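Me: I would like to learn how to read a few features of a protein model. Please take them one at a time.

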Amino acid sequence: MKRKILLPLLAVLLLAACNDNTQNPADQKKGSSGKTLELLVVADPGVYAGETKELIDSLFTRPQEGLYNPDPMFDIVNIPLSSYRNTEMFRVHRNILLCDVNSENPGKVYKHIDEYAAPQVIYDFAVKDTKSLREKLRKYESDILDELYKAEHRRVIKAFRGMYNHKLCKALEDQFGFRLTFSNEFALAKQDVDFAWVRKEAKDFGIGVLVDVMPYTDSKIFEEQTLLDRIDTIMRHHVPAPAENSYMGLERRRDEQGYYLAPIYRKHVKFEGSPYCIETRGNWRAFGDFMGGPFVSYALLSPDQKKVVILTGYVYCPRNKPWSKRDLLMQVESICHSLDFDTAE
């Protein structure tokens, strides 16, 4: 493999535009393989063991935030270096952590984007010993996770672009002035001034995205309680549940000590095209009915800093199998990340 040095880390991902007349060069490569949120750890048995295995597992298989029944962030598949080097099937996997431990290695880390397939991210640790491997894994943890999630988003967006819902996406673009990528499995459930609800209803699950746009007045909208109140109000006002007089809302009940029964996770994240974005994860529930599930929300500032866009994706999946709430959540999360403010042809 031709190695490209990672230090300093550079952003090299190119997200395809919603315009289906323009083809991203990455789309011309062979499609990558691998299940949703699957990480291929290429490491010999003596490397993926002991402290190193414990560290890798703790970094990449810790519970996904915002799920009642926790799933790991990634499912790890381990193969030895020889299998990876001798088998093309493994080299086209979407997410690869390559742990090459050899005393003759330069002791560096390399990142490869779309090297053998697309979308794909490979982190190549060419280190001298396992201690150095652990040090560099800790150092680049956040960067690796960011790139792995970007690859997952790109996979879903690419798949949805292949079943692109022209009518729906054009209607949203005309209303809001920006693009989101939905497949033809999604339909517009409700539309109001500065609001839209898009959903997909399947036999065993339902997923959807709520689009809420407002003028930007000050930074208070990004404060935790203000933002939660806004999301909750939008849900209550626009999304009914099946039972009479029931509706969707955020799960914000607390225990006797004042802690949320279902924790809410909040952090600042980088979001393509936006100067500022807050990600919120937690659970919603149906008031007046017995329903609930996870949600992920992105409150972001438009590039001209005149509007705030709140994209909230939700999942309803009462059975854990054959569908995974984690994997369904990745679908709506990816739709949110398909947001494109640049609609110029």
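Me: What volume does the second largest cavity have?

Reply: Rolling a probe the size of a water molecule over the atoms shows where empty space is left. On a 1 Å grid over the protein atoms alone, a cavity is a set of points where a 1.4 Å probe fits but cannot get out, and lining residues have an atom within 4 Å of a point. Points are joined across faces, edges and corners, and a volume is the space filled by probe spheres set on them. Here the second largest cavity has a volume of about 40 Å³. The count is 4 cavities of 30 Å³ or more.

This is a predicted model: local features need pLDDT of at least 70, side-chain atom pairs count only at pLDDT 80 or more, and totals for chains, interfaces and linings use all residues. Residues are numbered from 1 along each chain as its sequence is written, and side-chain values use heavy atoms, with hydrogens and water left out.

Me: Which residues line the second largest cavity?

Reply: Its lining consists of Leu-210, Asp-212, Arg-230, Ile-231, Ile-234, Ile-310 and Thr-312. Helix H7 (224-238) is one of the elements giving two or more residues, and H7 gives the largest share, 3 residues. Helices (H or I, at least four residues) and strands (E, at least two) are DSSP runs, numbered from the N terminus.

Me: How many residues of H8 are buried?

Reply: Buried means under 20% relative accessible area, exposed over 50%, partly exposed in between (1.4 Å probe, protein chains only). In H8, 12 of the 13 residues are buried, including Leu-328 and Ile-335. Their cover includes helix H5 (141-162) and strand E8 (206-215), where contact means heavy atoms within 4.5 Å.

Me: Which residues touch the most other members of the largest nonpolar core?

Reply: In soluble globular proteins, nonpolar side chains tend to be buried together. A nonpolar core is a set of buried Ala, Val, Leu, Ile, Met, Phe, Trp, Tyr and Cys residues joined through side-chain atoms within 4.5 Å. Of the 64 residues in the largest one, Phe-60, Leu-97 and Phe-182 touch the most other members. H5 supplies the largest share of this core, 7 residues. Leaving aside neighbours within four places in sequence, the contacts of Phe-182 include Phe-160, Val-209 and Ile-335.

Me: Why does Lys-200 count as buried?

Reply: Lys-200 counts as buried because its relative accessibility is 12%. Lys-200 sits in strand E7 (residues 195-201).

Terms used:
1 Å grid on protein atoms, 1.4 Å probe; cavity = no way out; pocket = protein on both sides within 12 Å on 5 of 7 lines; lining within 4 Å.
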